[in-house]
Amino acid sequence: MNQILTYSVYGSAILVMLIGIYAVLTKKNLIKIVIGLSIMDSGFNLLLVALGYIKGGTAPIFSPAVAGKDVLMVDPVPQALVLTAIVIGFGVTAVALSLVIRLYRKHNTIKIDEIKTLKW
Amino acid sequence: MKKLVIISLLLVLGYSLMNTFSDIEFGKKREGISSYFLEHSPDDLQVANTVTAIVVSFRGFDTLGEVTVLFLAATAMGTILFRRRSKHTGLNPQRKSPQASRIVQAAGKLLFPAIMILGAYVFIHGHLTPGGGFQGGAIIATGFLLLLISYRQFKVEHKYVTWIESLAGLSFVTIGLLGMILGPHNSFLENFLNVGSLNDLLSGGVIALVYIAVGFKVGAELTGILDTLINIRETGDID
Amino acid sequence: MIGAAIYAIITKDLIFATIGTSLISLALSVIFYLLHAPDVALTEAAIGVALSTIVFVIAVRNTKRYEED
Amino acid sequence: MVANPILYIALPLFTAFLVPLLAKLWKPLVRIVPGLVLAYLAIMSVVLMQQVSPEKPIIAMIAGWKAPWGINLVFTSFSGFIASLISILAFFIWLYSFGFKKVEFDDAQKYFILFMLLTAGSIGVVLTGDIFNMFVFIEITSLSAYALTAFYKGRDGAEAAFKFLLIGSFSSIMLLLGIAILYTYTGTLNMAHLALLMPQVPMHAKITSFLLFFVALGIEAEMFPLNGWAPDAYSQAPGPIAASFAGILAKAGIYALIRVSYTIFDLGDHGGFELLLVMGLITMVVSELVAMRQENLRRMLAYSSMGQMGLIMIAFGLGTKEGIYAGLFIMFNHAVIKSLLFLASAYLVYYTSRKKISDLDGFGKLLPLTSLLFGLGAFAIVGLPPFSGFWSKLSLLIATANSHMEFVLATVLAVSVIEIIYYFRVLGRLYFRKAHKEIKVRKPTWNSVVTMIVLALVIIAVGVHPDFITGLLHNAATDLADKADYIQKIIPDLFSQTLN
Amino acid sequence: MNSLIILLFILGGGALLSYFAFLSKHAFGQAVVWLVAIASPVYFFTQVAVGESFSFSLGGFELALGFNHYSWVFALLIMVLSPLSLIYSTGYMKSRLRLGTFYFSFIFSIFGMMGILMSRDLVSLFIFWEIMTWASYLLVIYRGKDVEHTGIKYMIFSAVGAYSMFMAIVILNREMHSFDIATVIQNFGNMNAADQWLTGILLLIGFAVKSAVMPLHVWAPGAYTNTPTSFTAVFSGGLSKMGVYGIGLVLLNLYSHSDFSQVGIYLAWLGAITAVMATFRAVFQNDAKKLLAYSSVAQLGYIVAGIGLGTELSVFAGIYLAILHGAFKGTLFMAVGAVERQAGTTDMTKISGLIKNMPWTFFAALVAIIALAGIPPVGGFVGKWMLYEAAINSEHMFLVILIFISSTAAFLYSFRFLFGLFLGQQEEETAHIKEAPAVMVVPMILLSLFLVLMGTFPGIIFKPIAAGMAELGFQGVPWHMSVLYNMWGDSVNLTYVSITFGTVFLLGLVYITLIARKGTKHKLSTKDIHTAGEIPKPEDNLNYSLDFYKPFERVLSPLLKHKLDVYYNEFGKGLEALFNFMRRIYTGNGQTYALYVVVFLVALILLSGRIFGI
């Protein structure tokens with residue numbers, strides 16, 4: 001049971017990541033590429049949170065309800081990391097999209113293989 | 001053909017990642033620094049939300065970095081889209097796109113204060129309940145987003161955004177530097193206030209303050225980013 | 001979620017693709033909640049579902065809506 | 001308090017947040033205040049470098065938490081050396097861009113914000129003792145680098161920045177994966193603690209994680225074939241930014257790579273170093289050969305820069321203390337010399353709106369000082385005495401020879417010949433050709449002249465009397481080579497527990 | 001302070017000073033150059049001596065300076081030749097463009113040469129070697145002619161040479177744990193044979209490039225021709241001798257006690273072949289400077305042959321010829337430079353009969369040519385004789401033949417040089433040419449007098465050479481070996497021979513100037529040539545110097561058809577194509593770059609088993 005859960009949770013997270021990478025590597029559209037990057041990040045976030053999950057744990061908050069009791073809590077560190085990762089990912093996505101807009105204004109296309117003034 | 005190659009590459013990659021992670025049993029408790037956090041967050045810091053304690057205190061530096069990343073993203077977008085911050089005031093009559101419907105406008109008007117309050121609540125209570133500076137800030141930004149969408153002539157006053165984001169950022173760093181002067185270990189971002197008691201609003205010492213600063217900062221930052229993007233057509237003298 | 005991801009990358013209409021990513025985030029947010037990570041869930045909901053999507057939409061509006069081959 | 005490694009990060013961030021407000025007070029402050037801060041950091045570097053020794057690193061806690069629980073900034077002889085190098089170089093690059101007439105006020109504001117953050121991020125990468133924190137700083141560095149690459153309107157900066165971003169995103173996701181693997185197996189994020197717990201990580205996870213780190217940081221360190229972004233970014237960014245890419249960004253990248261492969265992982269002697277060596281060799285050969293055929297001066301410099309990075313990787317890939325010493329020496333030289341070349345080339349190329357090498361005929365007469373300094377830089381970078389580049393090349397070759405790697409030795413030298421050819425081709429054009437016609441050139445401003453002359457003086461001073469820095473380099477090499485010592489200095493309690 | 005350091009300081013400081021002085025005012029610059037030209041030899045001859053040493057530590061290396069008797073011989077040459085050329089060039093350099101660079105590089109390359117000679121360890125040797133190389137490179141491309149070809153070719157070959165030296169040096173260091181030359185000599189035997197051969201060959205390549213030995217000589221003619229002539233004098237006369245010095249050092253000193261010294265004989269062969277080929281090429285040059293350039297390569301070939309043979313006499317001859325060649329080739333280049341400056345060209349088919357216009361220059365050139373051709377009153381004869389003798393004694397008969405052929409052919413170009421430029425009938429176009437200014441003529445004359453002096457009192461140069469040979473491990477006074485010496489008995493030395501010849505020569509000169517001058521009264525146009533019915537057009541060059549040795553050229557044409565140059569060029573082109581191909585890796589498409597990242601990662605993962613050995 002646990003084995004299946006392990007494989008399915010991690011597997012789906014990795015699969016989402018791979019789908020993202022696939023989009024980045026094959027799609028010609030710049031926005032699609034950025035979407036791919038963001039999917040990639042989502043996959044990773046899922047993976048990291050899942051890694052921190054502890055069966056039977058509660059959210060790592062010492063609310064009055066749990067105060068004083070000895071409770072098992074899920075690992076808070078991955079959550080903190082994912083928090084950071086999400087925000088950073090958003091920042092990168094925003095910058096990427098503004099670059100896409102600028103590229104579109106300049107080249108009037110958002111196909112990546114038509115934008116290669118700089119080469120060799 | 002190319003796609004096939006790529007897919008096979010990705011399969012190899014996926015296999016090796018899976019191979020690595022499948023050894024880690026899902027949902028199993030592991031040893032590590034997190035137990036220390038779970039122990040010290042309520043005891044030393046009197047912070048109920050351990051994630052907040054980690055984000056703000058144990059790994060406060062990361063948060064500073066994060067806030068910086070957002071600030072950086074806002075600045076970067078301004079640079080990339082050649083946005084002139086100072087010249088941009090007042091309404092813009094040349095706006096071509098149609099107004100949003102009345103319903104949306106009314107809903108926006110109604111929801112905006114509620115969203116604002118929610119956002120403020122979230123970041124003020126960051127050390128007690130789930131949520132905190134980032135979440136609250138993001139919620140506030142959504143509120144502004146609503147206004148930006150529903151009222152076409154709505155303008156975010158850049159002066160204020162700039163002031164808020166700068167002051168919030170400065171207060172974050174200043175709190176950190178004060179920690180170097182006042183804190184018991186003289187280290188950056190160190191708590192120098194009374195930590196209060198667990199599950200009080202005024203607990204956690206500087207953590208609450210930092211998260212409020214973060215909330216303002218993130219809210220201003222995200223609003224700025226959205227505003228930059230929404231208004232590029234008018235201001236964007238992009239080559 | 002995987003379905004949303006696949007949809008997001010195969011659809012030619014970028015607005016729909018954007019909605020696909022938004023769906024991913026939504027699903028992710030729920031999963032985070034289920035994994036006892038309310039902080040992350042909240043963040044993902046606010047940033048991933050709302051802000052990210054809107055940023056994508058704006059970008060699409062400023063460029064081209066449809067992907068061409 | 002006055003001299004604390006934290007200030008390397010805190011002050012630039014503070015300034016960056018402050019700049020928009022300063023703009024409202026008095027506009028010149030936007031230019032001046034960053035300079036003052038950087039000057040302070042540069043002075044602080046000198047002070048700290050005198051305090052630090054391999055036996056006594058300076059460790060700064062954040063929020064009063066000791067390692068491995070809190071994030072620490074670790075200013076050792078090694079990291080401190082790189083951080084000092086970066087901060088001092090940043091000051092000079094600021095000085096160079098101080099005049100910067102081409103940029104309007106509003107842009108200047110953003111320029112300095114981004115530059116401060118680039119500097120802070122890079123120093124953060126170098127100083128931090130925590131691996132996730134390093135990731136955050138790498139992101140800060142990369143984001144500001146993307147924005148700065150796309151800074152100028154008229155150029156194809158956006159294209160370069162997008163490529164950079166695309167590859168940079170891969171870098172960050174791999175870095176995150178690597179961190180995730182390490183965290184799940186060890187439960188810690190502190191580098192020293194990771195290094196301590198590394199033996200308990202199963203081999204295949206260790207290798208996957210190492211490879212992910214290797215590729216991710218290889219992107220930052222411009223390793224072939226991951227360096228597609230580099231020539232574009234270097235050639236499209238503003239001159240001083242290209243200089244800081246070479247002197248600051250790439251240094252942070254290679255530092256992270258070195259730190260990961262030397263300190264965190266224990267794979268070095270089991271193939272990690274060989275991998276680094278081989279990749280360095282390939283990077284160097286390919287980049288230098290490609291540089292040979294460039295028509296665009298800035299691209300040529302960019303490829304040459306990548307070649308130098310390869311050289312650094314070779315040096316560190318030897319895995320001996322001599323190799324580390326040589327690698328550090330090359331890093332130092334590359335930072336100073338390449339900066340000089342990029343700064344000088346800004347006047348040669350862009351202010352005249354000429355990009356091709358063949359357009360440079362006769363510039364020696366039109367811009368005598370700039371051309372002279374460029375020439376000096378070219379002499380130094382190819383390793384001719386009496387300039388500083390020679391000593392680093394000598395130490396690298398000695399280290400290579402002592403590791404019994406004749407093939408590497410021969411390749412490095414053969415590639416050096418190619419390097420000489422393409423640099424001297426440019427020099428020949430600059431000096432010994434007649435100018436095409438009357439070209440309007442732009443005279444360097446006083447501040448850029450001062451910057452370039454200072455860099456040139458450093459090159460000559462180190463070239464004539466290398467003992468100025470060999471002591472520091474030796475300390476740094478000693479420091480990096482002794483991994484156990486690093487762990488012990490940072491987490492003494494846990495270290496002694498493990499021993500018992 | 002140590003006198004060696006002061007000498008280096010005079011040269012190095014002088015170089016920098018001259019650069020800045022020329023930036024401010026021309027006269028200042030000239031003054032500095034004069035100062036250096038006078039101060040450095042004066043200081044050298046009065047204060048510096050063999051045996052002084054100076055050791056210091058730099059960058060973690062223990063470095064040592066100091067002359068030994070062997071390097072002293074070469075130092076003498078440099079310190080005579082270079083200051084004279086410096087003074088000469090104050091007159092020679094007409095254009096004031098980039099004079100600062102010119103003198104800086106000039107003086108700096110002298111600095112480099114002196115440094116090489118006083119280096120007692122391999123690191124400082126290499127440092128000075130590189131300094132000398134780049135300084136001379138700046139002079140090669142100074143005129144801006146042919147920068148892409150000649151300049152780059154010179155730099156490539158120099159760099160290849162220097163770096164192979166570099167490699168050898170670091171490998172030696174690995175084995176010896178020291179850069180000190182004395183230590184290397186001492187412990188050399190302890191090295192394994194493979195390393196001995198490797199380092200030996202690499203070092204030889206390094207030095208052979210500078211002395212233009214056969215497959216590595218292609219840079220030389222072009223570089224010698226393109227350099228401003230006042231420096232060519234030093235370049236060909238002094239700088240190339242550094243290669244000779246190095247070969248001597250390697251073969252006779254470092255490696256003398258190992259099997260490796262067998263290589264010497266092959267080097268001798270190469271030298272001899274170089275001599276023959278270059279001589280043939282020299283014969284057919286129309287340009288006087290080019291002719292001298294090829295002749296330099298040829299002469300260096302002899303010298304290398306001499307040193308390569310490795311017997312006492314041959315080494316002695318080699319060193320002696322090296323010194324002599326420095327002096328006479330210096331003089332010749334100076335003479336050509338004077339002609340170049342006054343007539344505007346060195347093309348022998350354009351000018352002729354300059355003897356009347358430029359008698360002093362002619363005199364200097366004549367003396368030098370006599371030395372070159374090896375005619376008794378001047379030293380060249382002795383050198384050649386000893387070389388023949390050594391070659392014959394070594395029983396490599398074919399080598400003797402080669403050397404003999406080349407020295408015979410040298411007569412051809414010697415004659416052509418003299419005849420083409422100075423003798424023959426004067427043409428109207430060249431009638432207005434005047435003698436070069438005194439600053440140029442005086443150094444030339446001084447140098448030619450030095451040549452005469454060396455021929456007349458060979459002791460002044462034989463003694464230092466003998467001392468130098470002793471340093472290399474050849475005991476005794478080598479010229480005793482010579483048949484020449486024995487024939488004249490112990491008490492007779494060359495002074496008498498020279499005086500006799502000199503007197504005859506002077507009488508002849510007096511006869512020519514006083515009496516025979518009246519000889520040719522009737523004036524014929526040099527262009528009045530039979531054209532077999534065809535009417536010569538004005539653009540046809542009908543000077544008699546054109547195709548001077550046409551029939552001979554026809555005979556040799558199959559031999560001369562193959563130029564090594566061509567092969568090198570083809571090789572270069574192939575490389576360029578390869579590089580162009582490699583450029584395509586950077587396609588410009590961001591996605592491709594991203595793909596590289598993934599491919600690279602996957603490749604590493606797949607190979608991880610091999611990389612990490614599990």
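Me: Among contacts in chain D between residues at least 6 apart in sequence, what percentage join residues at least 24 apart?

Reply: Two residues are in contact if their C-beta atoms, placed from the backbone, lie within 7 Å. In chain D, 80% of the contacts between residues at least 6 apart in sequence join residues at least 24 apart. Please note that this is a predicted model, in which local features need pLDDT of at least 70 and side-chain atom pairs count only at pLDDT 80 or more, while totals for chains, interfaces and linings use all residues. Residues are numbered from 1 along each chain as its sequence is written, and chains are lettered from A and ligands numbered from 1 in the order in which they are written.

Me: How many helices and strands does chain D have?

Reply: Helices (H or I, at least four residues) and strands (E, at least two) are DSSP runs, numbered from the N terminus. Chain D has 21 helices and two strands. Its radius of gyration, taken over C-alpha atoms, is 22 Å, close to the 23 Å that the globule rule (2.2 Å times the number of residues to the power 0.38) gives for 500 residues, so chain D is as compact as a globular protein of that length. The C-alpha trace of chain D spans about 75 × 60 × 40 Å along its principal axes.

Me: What percentage of the residues of chain D count as buried?

Reply: A residue is buried if 20 or more other C-beta atoms lie within 10 Å of its own, exposed if 12 or fewer, and partly exposed in between; the C-beta atoms are placed from the backbone. By this criterion, 73% of the 500 residues of chain D are buried.

Me: How many residues of helix 6 of chain D are buried, and what span does this helix reach?

Reply: The expected span of a helix is 1.5 Å times one less than its number of residues. Helix 6 of chain D (residues 157-186) has 30 residues and reaches 42 Å from its first C-alpha to its last, close to the expected 44 Å. This helix is mostly covered, with 30 of its 30 residues buried. After helix 6 of chain D comes G187(D), with a positive phi near 75 degrees.

Me: Which residues other than glycine have a positive phi, and are they buried or exposed?

Reply: Most residues other than glycine have a negative phi, and most peptide bonds are trans. One case with a positive phi is H404(D), where phi is near 60 degrees. H404(D) is placed in the loop between helix 16 and helix 17 (406-432) of chain D, and it is exposed because 11 other C-beta atoms lie within 10 Å. Another case is A212(E), with phi near 55 degrees. A212(E) belongs to the loop between helix 8 (193-210) and helix 9 (219-226) of chain E; it is buried because 29 other C-beta atoms lie within 10 Å.

Me: Where are cis peptide bonds found in chain D?

Reply: One joins F224(D) and P225(D), with omega about 0 degrees. P225(D) sits in the loop between helix 8 (203-220) and helix 9 (229-236) of chain D. Another cis bond runs from P385(D) to P386(D), with omega near 0 degrees, and P386(D) lies in the loop between helix 15 (368-381) and helix 16 (388-402) of chain D.

Me: Which chains share the most contacts?

Reply: Of the eight pairs of chains in contact, chains B and D share the most. Here 53 residues of chain B are in contact with 49 residues of chain D. Helix 4 of chain B gives the most to the side of chain B that touches chain D, with 16 residues. For residue classes, Ala, Val, Leu, Ile, Met, Phe, Trp, Tyr, Cys and Pro count as nonpolar, Asp, Glu, Lys and Arg as charged, and the others, Gly among them, as polar. The side of chain B that touches chain D divides into 21 nonpolar, 22 polar and ten charged residues.

Me: What distance separates the nearest C-alpha atoms of chain C and chain E?

Reply: Chain C and chain E do not touch, and their nearest C-alpha atoms are 15 Å apart. Likewise, no contact joins chain C and chain D, whose closest C-alpha atoms lie 15 Å apart.
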